[in-house]
Amino acid sequence: MIRFSLSILFFASAALAQDPPPSGSAERGREAFLKYQCYTCHGTVGQGGERGAGPRLLPNLFPWVAFSMQTRTPRQDMPAYRKDHLGDQDLADIYAYLRSMKPSPAVANIPLLNFEEKR
Amino acid sequence: MSDEGLDRRTFLKSAAAVGTTIAASTVTAQAATPARKEPSGLPGEKIIGRPGSDFMVDVIKATGIEYIASNPASSFRSLHESIVNYGGNRKPEFLTCMHEESSVAMAHGYAKAAGKPMGVLAHGTVGLQHAAMAVYNAWCDRVPVMLFAGNFMDAAHRRPGVEWYHCVQDPGGILRDYIKWDDQPASLQHFAESVMRGYKFATTPPMEPVLITADGMLQEHAIEDEAKLVIPKLTLTVPPQGEAGALREAAKMMAGAENLVIIADRAARTQEGVKRMVELAEALNAPVVDLGGRMNFPTTHYLNRSEDGRALVRDADVVLMLEVADPWGQLNTISDPQHQYRRLAKPDVKMIHLTLADNLMKSNYQDAQRFCPCDLSISGDVEASLPALTEAVRASGVSRGGRTEELRAQHRAMKERTRAAAANGFDATPVSTARLSAELWQVLKGEKWCLAESRLLSWSARLWPATEHYNFLGHAGAAGVGYTAPAAVGAALANRDKGIVTAVIQPDGDLMYAPGVLWTAAHHKIPILMLMHNNRAYHQEVMHLQKMAGLHNRRMDTARIGTAIENPNIDYAGLARAQGVWAEGPITDPAAIGPALKRAIAMVKRGEPALVDVVTQGR
């Protein structure tokens with residue numbers, strides 16, 4: 001998984017300079033994110049899911065090229081979203097939606113996540 | 001038949017002489033033998049003052065079974081009546097259920113919390129058919145359940161019509177692929193011996209359900225020659241320890257390991273088992289991956305590395321598996337949906353498995369999982385074998401203490417990663433599943449607590465500090481949907497008298513299989529905190545549809561057809577209230593969960609069930 005992610009990032013980084021993200025609408029992207037069921041595995045705000053669901057998308061969103069590659073021809077268990085059923089503009093809008101997300105609060109700022117350890 | 005009848009006057013006259021003494025191993029007659037006279041021929045005068053079902057109750061009482069979960073049914077009406085009137089409805093107490101699947105799942109959850117079986121009564125045909133899936137769950141989860149089925153074997157006595165539909169030549173045939181043993185006793189003495197044998201079989205590891213048929217005419221006829229009936233003494237079988245030489249060989253293999261990992265699944269049966277697991281892990285200073293079939297290892301211990309299983313297996317040169325249901329799946333994987341094989345472990349990893357799985361020999365159902373080659377396979381009960389194994393490790397002179405600080409740091413890092421993951425989307429609506437778990441902890445952390453299902457959402461096992469065997473009760477076994485709610489109610493019943501607060505994170509689809517268990521909880525005053533994980537879908541199946549659509553290059557936006565539970569949304573709080581359960585919801589604002597849970601836990605601590613419905617993310 002780590003090796004896969006690093007290779008994706010390598011190619012993505014190389015491509016990034018030549019291929020910036022297309023423009024998209026975060027508002028339309030949210031609708032597309034829900035319509036195309038991205039949220040079922042990744043959560044409505046890209047937080048990821050449990051046990052057999054998808055990994056979190058944020059923070060550290062994939063660069064556009066890697067994001068697009070993973071969506072169209074995914075590695076591992078993700079279903080393939082090909083152009084026939086998810087247009088380029090929809091994908092760009094989804095990317096814009098994810099980029100628009102505010103970071104989640106830090107653990108230290110969430111009292112409910114401070115569990116006491118006995119040993 | 002006719003000489004079994006007593007006329008009413010004679011019976012009433014002799015009733016004062018009824019005794020209820022049961023000798024340690026011999027049942028004495030309960031009613032003084034009345035003088036018999038020729039029957040008048042009027043059916044209404046016939047009285048059977050001492051039916052066979054009374055003796056059956058004596059037998060069941062002698063096992064220590066405290067509860068019988070059941071939908072009432074005519075094929076065991078005599079036994080039902082004897083439980084209630086002759087037995088005083090106490091030990092066993094009759095639990096009124098709304099589905100045989102609920103009865104068995106209640107017994108399933110109860111057994112894991114109580115450490116002993118509950119009884120279940122069902123029709124020999126339609127009742128067992130309803131019960132079948134839940135029995136399969138219990139089978140796959142290695143849990144003892146004492147199943148009793150009513151059946152009229154003698155066709156000459158069956159009433160025409162429905163009674164024929166509800167009779168069967170071979171009741172056990174319905175379940176035989178996934179129960180350990182069954183019998184259809186032909187006499188009361190046979191019944192007594194088979195119940196004792198069945199109880200011993202069910203509670204000897206690997207523990208499994210058993211089925212005893214209570215013949216309808218044996219139940220309803222008068223006992224003949226009761227002085228000759230004997231209830232055999234019940235002595236439970238001591239679980240088997242692995243062979244000492246093999247345990248020494250395992251210790252030797254582990255002592256020489258560079259990277260050792262312990263994987264435990266259904267290893268600990270009691271708190272003593274958890275303690276023994278800690279002793280072994282500390283003797284080896286080896287990380288433990290708890291797969292969670294049972295609560296095997298404290299989540300707070302520095303050697304707990306349950307979330308790092310893949311990485312630990314990848315680097316391991318020796319793996320010790322302790323009653324692992326799917327050993328092959330720990331070392332290998334098959335991708336989904338492409339079904340591509342991938343090895344996770346090193347090709348030359350040495351594998352030791354301490355298990356009783358090889359003692360279960362059934363062919364049809366495939367719960368054995370894929371065959372996994374093993375370097376040392378030891379037949380033995382884990383909890384019984386751990387002291388000898390730990391002693392062998394200590395005797396081997398292994399010294400792995402130098403890695404302690406590194407292991408502590410890795411444990412802390414694992415916990416920090418989990419908390420960071422839980423923070424993502426923490427304030428989202430629908431509510432994140434991590435938030436759901438964190439909110440529930442706030443009302444449980446001051447209590448002796450039990451989470452009745454601990455794997456469907458694994459956040460609790462990952463986040464909560466858990467040290468006691470009763471904290472986590474694992475999962476359904478066979479992933480048969482409809483388990484969680486009734487199993488949680490059964491567990492809550494077992495925990496009720498122990499001062500343990502039982503909670504469950506309740507999936508919506510699971511509850512809808514047999515929601516009548518809410519009424520059972522209310523009726524029998526079973527305190528349970530049910531927190532709905534209401535994602536308004538059979539969510540696993542949504543994801544499966546998406547995978548197939550992707551594989552077939554088809555549209556994804558149809559994945560909720562046939563999988564979503566919406567339009568209309570189900571009002572779970574209303575469903576609960578209609579059955580006498582205190583309830584609130586649906587809650588969509590994360591900030592509203594905490595206050596609702598405080599009100600709910602107050603109800604639970606008063607001895608009542610409570611339900612809080614929260615609309616959640618998919619997973």
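In this predicted model, 15 residue pairs are in polar contact across the interface of chain A and chain B, counting pairs with both residues at pLDDT 80 or more. On the side of chain A that touches chain B, helix 3 (residues 38-42) of chain A gives the most, with 3 residues. Sorted by kind, the residues on this side of chain A come out as 16 nonpolar, 11 polar and 11 charged.

Salt bridges between the two chains are quickly listed: the count is 1. That salt bridge is formed by Arg462(B) and Glu50(A), whose closest N and O atoms are 3.3 Å apart.

As for the extent of the interface, 38 residues of chain A and 53 residues of chain B take part in the contact. The size of an interface is often given as the accessible area lost when the parts come together. For chain A and chain B, the buried area is about 3,900 Å², and carbon and sulfur atoms give 53% of that. Glu50(A) turns up again here: together with Arg51(A) and Phe115(A), Glu50(A) supplies 19% of the area that chain A buries against chain B, more than any other three residues.

Now for the sheets of chain B. Strands of a sheet pair through backbone hydrogen bonds, either parallel or antiparallel. One sheet in chain B is open and has 6 strands, in the order 2-1-3-4-6-5, with parallel pairing. Its edges are strand 2 (93-96) and strand 5 (181-183) of chain B; each has a single partner strand, so one side of each is left without a neighbour in the sheet. From one strand to the next, the twist of this sheet averages 25°. Within the sheet, strand 4 (residues 146-151) and strand 6 (residues 210-215) of chain B run parallel and are joined by 6 bridges. To pick out one of these pairings, Ala149(B) has Thr213(B) in strand 6 of chain B as its bridge partner. Helix 5 (residues 126-140) of chain B packs on this sheet, where it touches strand 3 (119-123), strand 4 and strand 6 of chain B. The direction of helix 5 makes about 135° with that of strand 3 of chain B.

Another open sheet in chain B is formed by 5 strands in the order 8-7-9-12-13, and here too the pairing is parallel. Strand 8 (288-290) and strand 13 (376-379) of chain B stand at the edges; each has a single partner strand, so one side of each lacks a neighbour in the sheet. The twist here averages 15° from one strand to the next. Strand 9 (residues 318-322) and strand 12 (residues 350-355) of chain B run parallel, with 5 bridges joining them, and Leu320(B) has Ile352(B) in strand 12 of chain B as its bridge partner. Helix 10 (residues 271-284) of chain B packs on this sheet and touches strand 7 (260-264), strand 8 and strand 9 of chain B. Its direction makes about 170° with that of strand 7 of chain B.

A few backbone details of chain B round out the picture. The peptide bond from Pro205(B) to Pro206(B) is cis, with omega near -5°. Pro206(B) sits in the loop between helix 7 (188-203) and strand 6 of chain B; strand 6 is the strand that 6 bridges join to strand 4. Gly585(B) and Pro586(B) are also joined by a cis peptide bond, with omega about 5°, and Pro586(B) lies in strand 17 (residues 582-587) of chain B. Finally, Asp225(B) is not a glycine, yet has a positive phi of about 55°. Asp225(B) is placed in the loop between helix 8 (216-220) and helix 9 (244-255) of chain B.

Conventions. Residues are numbered from 1 along each chain as its sequence is written. Chains are lettered from A and ligands numbered from 1 in the order in which they are written. This is a predicted model: local features need pLDDT of at least 70, side-chain atom pairs count only at pLDDT 80 or more; totals for chains, interfaces and linings use all residues. Side-chain values use heavy atoms; hydrogens and water are left out. Contact means heavy atoms within 4.5 Å. Buried area is the accessible area (1.4 Å probe) that two parts lose on being put together, summed over both. A salt bridge is a side-chain nitrogen of Lys or Arg within 4 Å of a carboxyl oxygen of Asp or Glu. A polar contact is a pair of N or O atoms within 3.5 Å; within protein, one must be able to donate a hydrogen and the other to accept it, and residues adjacent in sequence count only if both atoms are side-chain atoms. Helices (H or I, at least four residues) and strands (E, at least two) are DSSP runs, numbered from the N terminus. Ala, Val, Leu, Ile, Met, Phe, Trp, Tyr, Cys and Pro count as nonpolar, Asp, Glu, Lys and Arg as charged, and the others, Gly among them, as polar. Two strands pair if DSSP finds at least two bridges between them. Axes are lines fitted to C-alpha atoms, for helices over the stretch in contact, and angles run from 0 to 180 degrees between N-to-C directions.
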